[in-house]
Amino acid sequence: MKRYILALIALAAFKVAKAQETITLPNQSTVITTGVPFMLIAPDARSAGMGDMGVATSVDAYSQQWNAAKYTFSEAKSGIAVSYTPYLSKLVNDIAVAYLTYFNRIDERSSFGFSFKYFGLGEIDIRPTEDAIPITEKPNEFTVDASYSLRLADQFAMSVALRYLRSDLRIQSVDANAQAAGSFGVDISGFYQSEEEAYDSFNGRTRFGFAIQNLGPKIKYDDGGRENFLPTNLRLGGGFDFIFDDYNKLSVTAEVTKLLVPTPPLFGFVDTNGDGLQTSDDPATEDINENEETIITAGQSNDVSFLSGVFQSFGDAPGGFSEELKEFTWALGAEYLYQESFAFRAGYFNESDDKGARKFFAMGAGFKYTTINIDLSYLFSASKIQSPLENTLRFSLSFNFGDGEYDEY
């Protein structure tokens with residue numbers, strides 16, 4: 001009988017000890033990752049020269065990428081543009097982003113646009129054996145867009161864009177069942193531009209813009225594979241044009257962006273020895289759940305639909321509100337325009353160190369001759385993490401037709 005009593009006491013003591021074990025969080029923040037991140041790369045040199053912004057800048061041929069509602073404020077009847085951006089140019093010379101876009105103003109109140117964005121990852125040689133003839137693979141991703149914009153008031157317009165995307169990154173020669181993944185997305189955007197107003201020593205014009213981009217189903221490469229969120233994001237921006245005279249204008253713009261994608265939850269560990277550090281004796285919480293359910297120590301499960309993920313993304317950061325603020329990126333940019341023919345640009349982009357640490361300065365220039373616009377930009381990294389676009393010269397070329405057909409000012 002005494003043996004049974006001692007066994008019960010030992011068992012009770014063991015359970016009390018287990019109850020006193022504390023679940024400890026690792027000292028880290030969670031970085032949000034998505035599928036097809038190339039969709040967020042600024043394809044044009046003008047936006048890149050002002051710190052990767054474009055939701056509230058003045059209209060140009062590349063507005064399809066940032067805010068198609070701006071097209072209804074174009075003074076030109078139509079335009080076509082092409083750009084080329086080398087990627088990881090320090091390592092390879094065959095990875096790049098190419099972009100082609102076209103827009104047309106239907107009338108005073110409406111317009112439409114089309115664009116094609118291509119991300120080529122170069123050539124990869126696969127050798128089944130050392131002496132075999134290599135099989136060349138060319139992984140790539142692309143999007144095709146169409147937009148319609150409508151002016152709802154003299155100073156405000158909205159647009160809707162539909163997008164098809166295809167990601168062909170699986171290597172056919174390695175996996176015979178490999179296939180490309182596809183999905184679709186929707187952009188909803190708006191743009192406000194005030195009338196030109198007179199101040200003491202200059203005239204001015206105010207601009208505001210917003211865009212919800214890449215709203216669509218998750219992407220996956222096979223039925224049993226992992227589903228990845230599209231890089232759905234919210235952009236908000238505002239700016240002001242200082243119009244000093246007929247020859248000189250300075251535009252200043254600010255923009256904030258947030259991914260509308262759930263933050264991955266943070267899994268803690270059972271700190272068995274109380275030292276605050278996870279060792280081989282401190283199991284992660286998901287490994288000790290007796291009910292075969294994942295235990296989330298902080299945050300919320302990100303196994304949700306893309307639409308639920310949009311709403312969840314505003315309040316699911318494991319670190320609370322302070323971490324939620326870190327998920328916003330911001331950019332400041334300025335553009336000086338002389339005689340509508342020469343432009344000088346500069347900008348700065350900032351992302352939290354805990355959420356990707358992208359920080360860089362950018363500068364650029366633009367030249368206009370009759371209907372032709374040439375833009376260049378250059379990026380200087382300001383982060384310990386090197387940017388894949390650092391020290392890369394980006395080039396854009398656009399043509400406007402029927403320039404001056406619409407008088408917006």
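Which residue forms a salt bridge with Lys-258, with the closest N and O atoms 3.5 Å apart?

1. That partner is Glu-324. Keep in mind as you look that this is a predicted model. Glu-324 belongs to helix α5 (residues 321-326) and Lys-258 to strand β13, so their contact ties together parts that sit 66 residues apart in sequence. Both Glu-324 and Lys-258 are buried.

2. Lys-258 also has a salt bridge with Glu-327, and here the closest N and O atoms are 3.2 Å apart. Glu-327 is in the loop between α5 and β15 (328-338), while Lys-258 is in strand β13, so to speak a link across distant parts of the chain, 69 residues apart. Glu-327 is buried, as is Lys-258.

3. Are Glu-255 and Arg-235 buried or exposed? Buried means under 20% relative accessible area. Glu-255 counts as buried because its relative accessibility is 4%, and Arg-235 counts as buried because its value is 6%.

4. Now for a wider view. The count for this model comes to 20 salt bridges. Some share partners: Arg-46, Asp-60, Glu-335, Arg-345 and Asp-375 are joined into one network that way.

Key:
Residues numbered from 1 in each chain as written. Predicted model: local features only at pLDDT ≥ 70, side-chain atom pairs only at ≥ 80, totals over all residues. Heavy atoms only, no water. Salt bridge = Lys/Arg side-chain N within 4 Å of Asp/Glu carboxyl O. Buried < 20%, exposed > 50% of the residue type's maximum accessible area, 1.4 Å probe, protein only. Helix = DSSP H or I, 4+ residues; strand = E, 2+ residues; numbered from the N terminus.
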